[in-house]
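I opened the model to look up a few local points and kept these notes as I went. The entries follow the order in which I looked.

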Amino acid sequence: MPKVKTNSGAKKRFALTGSGKIKRKHAYKSHILTKKTKKQKRNLGHFAVLNSADRHNVRDLLNLR
């Protein structure tokens, strides 16, 4: 049986926390930043925990089963 490869796009975008949750970055932080407020840009810089509805799909991409 061959080894299963991890999706290389997913391993760049997601990371595991110490408790096993999956963290992700926010969208809308890459360009057109002049019209966004300082507070909005600051909050977009923080990591977010992945939604439970998406957890199954991302775990499959990362081969965490």
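**Strand pairing**

I began with β2 and β3, which pair in the antiparallel sense over two bridges; I take strands (E, at least two residues) and helices (H or I, at least four) as DSSP runs numbered from the N terminus, and two strands as paired if DSSP finds at least two bridges between them. I noted that R24 has A48 in β3 as its bridge partner.

I then looked up the whole sheet and found it open, with three strands in the order β1-β2-β3 and antiparallel pairing. β1 (15-16) and β3 (48-49) stand at the edges with a single partner strand each, so one side of each is left without a neighbour in the sheet.

**Basis of the values**

This is a predicted model, in which local features need pLDDT of at least 70 and side-chain atom pairs count only at pLDDT 80 or more, while totals for chains, interfaces and linings use all residues. Residues are numbered from 1 along each chain as its sequence is written, and side-chain values use heavy atoms, with hydrogens and water left out.

I next went to K36, which I placed in the loop between β2 (22-24) and α2 (38-44). K36 is buried yet has no salt bridge, and the nearest side chain of opposite charge, D54, is 20 Å away. For these terms, buried means under 20% relative accessible area, exposed over 50% and partly exposed in between, with a 1.4 Å probe and protein chains only; a salt bridge is a side-chain nitrogen of Lys or Arg within 4 Å of a carboxyl oxygen of Asp or Glu; and Lys and Arg count as positive, Asp and Glu as negative, with His and the chain ends not counted.

Which residues does K36 touch, not counting those up to four places away in sequence? I found Y28, H31 and K41, where contact means heavy atoms within 4.5 Å. A polar atom of the K36 side chain lies 3.4 Å from the backbone oxygen of Y28, and the K36 side chain also reaches the backbone oxygen of H31 at 3.4 Å.

Y28 lies in the loop between β2 and α2 and has a positive phi of about 70° although it is not a glycine. I recorded Y28 as exposed because its relative accessibility is 65%. I32 lies in the loop between β2 and α2, with a positive phi near 55° in a residue other than glycine, and at 46% relative accessibility I32 counts as partly exposed.

Conventions
A polar contact is a pair of N or O atoms within 3.5 Å; within protein, one must be able to donate a hydrogen and the other to accept it, and residues adjacent in sequence count only if both atoms are side-chain atoms.
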